[in-house]
Amino acid sequence: MSTPASPASDESLSLDGPTPAAPSPLPPQQQMSGWAVLLLGVLLLAEAFVCVAVLISVWTPLTTLTAERAATGDPAVWTVLGLGPWHLTSNTAMLLAVLAASGLGSFVHAATSFATYAGNRQLLPSWLPWYLLRTAIGAALALLVYFLLRGGLFANGTDGTATNPYGFAGIAGLCGLFSKQATDKLREVFDTILTTKDGAGDDERDDKIQPTAPTSPAPAATAATVPAVTPQPAAEPQPAAGPVLPVIPQQHSTAPDAP
């Protein structure tokens, strides 16, 4: 006879051990409204579409301008989504490719987070600025990394024919996808290069804002106060009394005296 499984635990057992249960959804009043979720999803898809269109349309002029036997100084014609035409140089085309690739990486990060939290009904309205600024943050970081790599790996005055568009586009996409890790790595590099000795820099300035510990509010006085009780010293132990003996009353004789 089989016994029913106990419903006491919310975790399911597997070969690798217990699997945690799915997170519980937030109350409806705390979640992002349905129209806001829909609008944010459409905006993310529009950003991805624009980035893909720019990257595909600029790639042919970019590879033509950066080819080994490309004629230097001759701009290429570029049109995107029916807009244009514009005349691009190799450096301008490379910048557009970096921006578009970083936008795709940022879209992958933002769309993954958006789909996860919206699907679990845990998307808070306070995270809306993060999703709106995600592409701009990735693009700005990718541009900084591109300038650093371009200035550190190539001589000054080198045109775009000496660059590899595939490598720079891949690095830009990773910067958009892992912007937090890229920012932490850049901070680590600059902390190592531009480090200062102890007691210098900010340590010399006396006008820094010092953190103050929060003070707890004083307890409110109550209407009825309990009088303080003074502890009394304990009484000294008395010696134990001996056994109590019964008292036998004496009998007085009433007989007359003898002659």
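Student: Which residues are linked in a network of salt bridges?

Tutor: This is a predicted model. In it, Lys180, Asp184 and Arg187 are linked in a network of salt bridges.

Student: What is the N to O distance for Asp184 and Lys180?

Tutor: The side chains of Asp184 and Lys180 meet at 3.3 Å, N to O, in a salt bridge.

Student: And how far apart are the closest N and O atoms of Arg187 and Asp184?

Tutor: They are 3.5 Å apart, and Arg187 forms a salt bridge with Asp184. Asp184 therefore pairs with Arg187 within the 4 Å limit for a side-chain nitrogen and a carboxyl oxygen.

Student: Where do Asp184 and Lys180 lie?

Tutor: Both are in helix H5, residues 179–193, and 4 residues apart, which is about one turn of the helix. Arg187 and Asp184 are 3 residues apart in helix H5, so about one helical turn separates them as well.

Student: Is Lys180 buried or exposed?

Tutor: Lys180 counts as exposed, because its relative accessibility is 58%. Arg187 is exposed too, with a relative accessible area of 54%. Asp184 counts as partly exposed, at 28% relative accessibility.

Student: Why does Asp184 land in that class?

Tutor: Its relative accessibility is 28%, and partly exposed covers the range between the 20% limit for buried and the 50% limit for exposed.

Student: How many salt bridges does the count come to?

Tutor: The count comes to 3 salt bridges. One of them joins the side chains of Glu188 and Lys185, at 3.3 Å, N to O.

Student: Why are Glu188 and Lys185 separated by about one helical turn?

Tutor: Because Glu188 and Lys185 are 3 residues apart in helix H5. As for accessibility, Glu188 counts as partly exposed at 47%, and Lys185 counts as partly exposed at 46%.

Student: Changing topic. Which residues make the nonpolar surface patch?

Tutor: Leu43, Leu128, Leu132, Leu133 and Ile137 make the patch, which has an area of about 400 Å².

Student: Which helix gives the most to the nonpolar patch?

Tutor: Helix H3, residues 128–153, gives the most, with 4 residues. Leu132 lies in helix H3.

Student: What does Leu132 count as at 40% relative accessibility?

Tutor: Leu132 counts as partly exposed. Patch residues need over 30% relative accessible area, so the 40% of Leu132 clears that cut-off.

Methods. Residues are numbered from 1 along each chain as its sequence is written. This is a predicted model: local features need pLDDT of at least 70, side-chain atom pairs count only at pLDDT 80 or more; totals for chains, interfaces and linings use all residues. Side-chain values use heavy atoms; hydrogens and water are left out. Patches are made of residues with over 30% relative accessible area and no salt bridge: like charges are joined within 9 Å, nonpolar side chains (Val, Leu, Ile, Met, Phe, Trp, Tyr) within 5 Å. Accessible areas come from the Shrake-Rupley method with a 1.4 Å probe; for residues, only the protein chains shown count as cover. Helices (H or I, at least four residues) and strands (E, at least two) are DSSP runs, numbered from the N terminus. Buried means under 20% relative accessible area, exposed over 50%, partly exposed in between (1.4 Å probe, protein chains only).
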